[in-house]
Amino acid sequence: MSRPLATREAGAGRRRGPELDVAVVGGGMVGAAAALALARAGFASALIEAREPAPWRSEDEVDLRVVGLAPSSIGLLDDLGVWTAIRQARVGPYAHMHVWDAGSGAGIDFDAAANGQSELGCIVENSLVQSMLWQALDAAGVRRHCPAAVAGFEVREDRVQLALADGATLAARLLIAADGAGSPLRAMAGIGTRGRDYHQRGVVAHVRTERGHANTAWQRFLPTGPLALLPLADGRCSIVWSLPEAQAARVLDLHEAAFCEAVGVASDFRLGRVTATSERAAFPLQLQLAERYDAERFVLLGDAAHAVHPLAGQGVNLGLRDVFELRDTLVAARAGGRDIAAPHVLRRYARRRRSANTLDALGFDALARIYAWQAPPLVAMRGLGVRLLDRLDPLKQLVGGHAAGR
Ligand SMILES: Cc1cc2nc3c(=O)[nH]c(=O)nc-3n(C[C@H](O)[C@H](O)[C@H](O)COP(=O)(O)OP(=O)(O)OC[C@H]3O[C@@H](n4cnc5c(N)ncnc54)[C@H](O)[C@@H]3O)c2cc1C
């Protein structure tokens, strides 16, 4: 379905050039936020998405895919006018985080109040965020093409000419790929990736526990990978359990009572016994970093640019920071009378976000490696480090502030 483009410059003598300023491919949380943010900033925008997202409904079971939104992401969603509706619909705010190590027993706590805040973030369903963003697209004048896929594109002097699989064509000054970790657009642009396959899967489910979650995000590091118990609005916890592929397959196949027991044992019964669970799903885990974020009249955003281990719960937060940076860069270029897709403009966005995301991604990867150590001296060293960090308030505040996106 294609919606008519809201013409920005009707009557005022339309400037020459393509019909669109930006074409965003991929309408997940990051792509939809980008299309909305750029339209709100006055750029003629289109969003091309392969699959129409199902509308979020409060009577439906909580989506198995949830994310922990950091204050920086909440700020962007608020700026886009969708946060109040998301918050009123169904979110699990958390004011504390407790992370502990099965090997050494050492733990670390983060507390919102220590930084003068009321919460560290919110656990939100992916489908809820995406749905609220999509609902805001029409009013912002974003032209939607869904279901639609890009068959190819060609860069011309002042535009990118896009060919959709249904035969339609579009022209934009800038093509933005937010089409996820498997990004077909990234491959079409000839951009390679580096990284590693963790040969792990993130098993997700919602569980009911004997004791309440106390608005705390819990995470226990086990030699096989971390288990997170994230607070949901209805009192249950959403689990993200990273496991080697074969173990993940076994856990997915367990009958309900055995699965509840396995989660209880893996969480060291911190919230008591696990008494009920939902359906389960599993996602492959990888570190994948695009070798560059820009090409001619082309940029990458979100998981298309960087897929990271979920242990820090930062994947979508990095993607939403890309959106901020791109919007601000394009607004500044326009204010300076420059082509928004000029190579130096795109390079500025790419340089800033690639260095920040790479540092974070490698940091999460280092944590995954450190927590995989099993040799007793290394486990003792890790325990010492964690205990030290927990006592060093300024360093802890720095880590907490970084995760919050400050
Ligand atoms: C187990 C697990 C737990 C996680 N937990 C967290 C967490 O707690 N916090 C956090 O911040 N992140 C978390 N993440 C990461 C987070 O889910 C991702 O970073 C985020 O969903 C990426 O959003 P995106 O919009 O970039 O990509 P996607 O959500 O992958 O969206 C890409 C979109 O592009 C569309 N598309 C693909 N190809 C085409 C095409 N050719 N044409 C048109 N459309 C196309 C797809 O249909 C899709 O809608 C987790 C990830 C996993 C696997």
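Student: At what angle do helix 8 and helix 9 pack?
Tutor: About 160°, with the axes 9 Å apart. Helix 9 covers residues 343–372. Axes are lines fitted to C-alpha atoms, for helices over the stretch in contact, and angles run from 0 to 180 degrees between N-to-C directions. Helices (H or I, at least four residues) and strands (E, at least two) are DSSP runs, numbered from the N terminus.

Student: Is this model predicted or what?
Tutor: Predicted: local features need pLDDT of at least 70, side-chain atom pairs count only at pLDDT 80 or more, and totals for chains, interfaces and linings use all residues. Residues are numbered from 1 along each chain as its sequence is written.

Student: Which orientation class do helix 8 and helix 9 fall in?
Tutor: Roughly antiparallel. Angles under 35 degrees count as roughly parallel, over 145 as roughly antiparallel, 65 to 115 as roughly perpendicular and the rest as oblique.

Student: Which residues of helix 8 and helix 9 meet?
Tutor: Helix 8 brings Leu318, Asp322, Glu325, Leu326, Thr329 and Ala333. Helix 9 brings Val345, Arg348, Tyr349, Arg352, Arg353, Asn357 and Asp360. Contact requires C-beta atoms, placed from the backbone, within 7 Å. By class, this contact of helix 8 with helix 9 has 5 nonpolar, 2 polar and 6 charged residues. Ala, Val, Leu, Ile, Met, Phe, Trp, Tyr, Cys and Pro count as nonpolar, Asp, Glu, Lys and Arg as charged, and the others, Gly among them, as polar.

Student: Now helix 2 and helix 8: at what angle do the axes cross?
Tutor: Roughly 45°, and the axes come within 9 Å. Helix 2 is residues 71–79, helix 8 is 315–335. The two are therefore oblique to each other.

Student: And which residues of helix 2 and helix 8 meet?
Tutor: Ser72, Ser73 and Leu76 in helix 2 meet Val316, Asn317, Leu320, Arg321, Val323 and Phe324 in helix 8. That contact of helix 2 with helix 8 divides into 5 nonpolar, 3 polar and 1 charged residues.

Student: Switching to the ligand. How many residues surround it?
Tutor: 33, and the closest are Gly28, Gly180, Gly202, Gly302 and Gly315. Near means a C-beta atom, placed from the backbone, within 6 Å.

Student: Which element gives the largest share of that shell?
Tutor: Helix 8, with 4 residues. The shell around the ligand has 15 nonpolar, 14 polar and 4 charged residues.

Student: Overall, how many helices and strands are in the protein?
Tutor: 11 helices and 20 strands. The C-alpha trace spans about 70 × 45 × 45 Å along its principal axes.

Methods
Contact = placed C-beta atoms within 7 Å.
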